[in-house]
Amino acid sequence: MAHGIIWWIVVGLLAGWGAGKIMKGGGYGVIADILLGIVGGIVGGWLVGLLGFGSGGLLRSILVAILGAVILIWVTRLIKKEV
């Protein structure tokens with residue numbers, strides 16, 4: 001159980017950092033980047049599942065989480081512009 005949580009924190013940290021670099025901006029801070037990475041991993045995993053791709057190792061998990069986090073950052077920036 002703890003191993004899975006640590007896995008998602010590590011993947012989330014790397015994905016949040018990567019998404020922040022890709023999207024270029026003020027950023028949301030370390031904790032928010034980790035959370036965006038973790039949620040991005042869930043969103044990215046769901047999208048990849050819809051496309052019919054299987055699961056993979058650490059690198060694939062990080063890339064999928066980055067994709068999901070980039071999508072989340074893009075959506076949150078759209079919402080911030082509207083408000």
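A residue is called buried when its relative accessible area is under 20%, and by that rule buried residues make up 28% of the 83 residues in the protein chain. The model described here is a predicted one. Its secondary structure comes to three helices and zero strands, so that, counted from the N terminus by the rule used for numbering them, the elements run α-α-α.

- Among contacts between residues at least 6 apart in sequence, 78% join residues that are at least 24 apart.

**The nonpolar core**

- The largest nonpolar core has 11 residues in all, made up of Val 11, Ala 15, Ala 19, Met 23, Leu 36, Ile 62, Ala 65, Ile 66, Ala 69, Val 70 and Ile 73.
- Helix α1, which covers residues 2–23, and helix α3 each supply at least two residues of this core, and α3 gives the most to it, with six residues.
- As a general background, nonpolar side chains in soluble globular proteins tend to be buried together.

**Helix α3**

- Helix α3, which covers residues 58–82, has 25 residues and reaches 36 Å from its first C-alpha to its last, close to the 36 Å expected at 1.5 Å a residue.
- The buried residues of α3 are Ile 62, Val 64, Ala 65, Ile 66, Gly 68, Ala 69, Val 70 and Ile 73.
- Leu 67 also lies in helix α3, but Leu 67 counts as partly exposed because its relative accessibility is 40%.
- The C-alpha atoms of Leu 67 and Gly 40 are separated by 6.9 Å, although these two residues stand 27 residues apart along the chain.

**Ile 22 in helix α1**

- Ile 22 lies in helix α1 and counts as exposed because its relative accessibility is 52%, where the cut-off for that class is over 50%.
- Once its neighbours within four places in sequence are left aside, Ile 22 is in contact with Ile 66 and Val 70, both of which are among the buried residues of α3.
- Ile 22 and Val 70 are 48 residues apart in sequence, and their C-alpha atoms are 7.5 Å apart in space.

**A nonpolar patch on the surface**

- Trp 74, Val 75, Leu 78 and Ile 79 form a nonpolar patch on the surface, and together these residues have about 370 Å² of accessible area.

Definitions and conventions:
Residues are numbered from 1 along each chain as its sequence is written. This is a predicted model: local features need pLDDT of at least 70, side-chain atom pairs count only at pLDDT 80 or more; totals for chains, interfaces and linings use all residues. Side-chain values use heavy atoms; hydrogens and water are left out. Patches are made of residues with over 30% relative accessible area and no salt bridge: like charges are joined within 9 Å, nonpolar side chains (Val, Leu, Ile, Met, Phe, Trp, Tyr) within 5 Å. Accessible areas come from the Shrake-Rupley method with a 1.4 Å probe; for residues, only the protein chains shown count as cover. A salt bridge is a side-chain nitrogen of Lys or Arg within 4 Å of a carboxyl oxygen of Asp or Glu. Helices (H or I, at least four residues) and strands (E, at least two) are DSSP runs, numbered from the N terminus. Buried means under 20% relative accessible area, exposed over 50%, partly exposed in between (1.4 Å probe, protein chains only). Contact means heavy atoms within 4.5 Å. A nonpolar core is a set of buried Ala, Val, Leu, Ile, Met, Phe, Trp, Tyr and Cys residues joined through side-chain atoms within 4.5 Å. The expected span of a helix is 1.5 Å times one less than its number of residues.
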